[in-house]
Amino acid sequence: MSVPRVRKRASLCDRDPSDPFRQAVELAQRGRMILEISLADLEAAEAAVGLFHPTAWHFRNARDEARRAWDRLRAQYGAGPLEVAQQELPLTYLTVDGRSGRAPFVFIPIMGHTYRAERVEGTALAPIQWRLTRLHPPLEDGPYYVCRLRDGSSQCDCAEWTFEIAESATPHAVCKHLAALSALGWL
Ligand SMILES: [Zn+2]
């Protein structure tokens with residue numbers, strides 16, 4: 001069995017918010033999420049109303065603006081550091097207002113991908129449960145359900161957890177989804 005990829009080390013969250021590396025990572029994670037949300041919005045709009053509807057133009061402009069912002073970040077920090085930042089645990093998340101009175105959407109960055117995070121009703125055995133849906137590209141085997149169990153242990157139904165971690169002898173090993181939610185203090 002391979003060793004889980006998530007590294008155990010001091011968290012960037014513990015650094016001062018003014019720390020330059022922490023700030024760069026946070027900007028990179030936010031920029032990446034905004035870009036992926038704009039891509040998903042555009043695809044949904046084009047599928048719903050067609051390529052030439054004003055709504056599609058609106059979302060295309062939003063996508064272009066997000067891409068320009070991402071390019072400015074890349075010019076400022078370089079492509080390599082931006083990629084490194086995506087491998088860090090989430091330092092930030094985004095909340096987007098739900099339409100027509102629906103609850104806000106919450107997005108978190110996990111290893112370079114943006115996931116919609118929804119708290120779902122827990123059970124007696126698993127009181128804390130989250131549903132994670134990857135935006136772009138969508139997961140073929142998702143969404144994933146990430147839980148804190150009553151006995152304090154945690155589990156996820158992704159392939160990494162199911163086939164590597166659950167069968168390994170490493171205590172308290174976590175997949176990237178568990179690590180991300182724990183880093184945010186949500187699990
Ligand atoms: Zn997982």
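These entries record what I looked up in a predicted model.

**Entry 1: helix 5.** I began with helix 5, which spans residues 176–183. I listed its buried residues and found H177, L178, A179, A180 and L181. I then asked which elements the buried residues of helix 5 pack against. The partners are strand 2 (105–110), strand 3 (113–120), strand 4 (128–134), strand 5 (144–148), strand 6 (154–156) and helix 4 (159–165). I also examined the backbone just after helix 5, where G185 adopts a positive phi of about 75°.

**Entry 2: strand pairing.** I next followed strand 4, one of the elements against which the buried residues of helix 5 pack. With strand 3, strand 4 forms an antiparallel pairing over six bridges. In this pairing I located A117 opposite L132 of strand 4. Strand 4 also pairs with strand 5, again in the antiparallel sense, over five bridges. There I noted Q129 opposite C147 of strand 5.

**Entry 3: second largest pocket.** I read off a volume of about 330 Å³ for the second largest pocket. Its lining comprises 13 residues, of which I37, D41, V96, R99 and F107 are the closest to the centre. Helix 1 (20–49), strand 1 (94–96) and strand 2 each contribute at least two residues. By class, I recorded nine nonpolar, one polar and three charged residues in the lining. Finally, I checked the domains: domain 1 (13–88) and domain 2 (89–187) each supply at least three residues of the lining.

Key: Residues are numbered from 1 along each chain as its sequence is written. This is a predicted model: local features need pLDDT of at least 70, side-chain atom pairs count only at pLDDT 80 or more; totals for chains, interfaces and linings use all residues. Side-chain values use heavy atoms; hydrogens and water are left out. Buried means under 20% relative accessible area, exposed over 50%, partly exposed in between (1.4 Å probe, protein chains only). Helices (H or I, at least four residues) and strands (E, at least two) are DSSP runs, numbered from the N terminus. Contact means heavy atoms within 4.5 Å. Two strands pair if DSSP finds at least two bridges between them. On a 1 Å grid over the protein atoms alone, a cavity is a set of points where a 1.4 Å probe fits but cannot get out, and a pocket is an open set with protein on both sides within 12 Å along at least five of seven lines; lining residues have an atom within 4 Å of a point. Grid points are joined across faces, edges and corners, and a volume is the space filled by probe spheres set on the points. Ala, Val, Leu, Ile, Met, Phe, Trp, Tyr, Cys and Pro count as nonpolar, Asp, Glu, Lys and Arg as charged, and the others, Gly among them, as polar. Domain bounds come from an automatic or database domain assignment.
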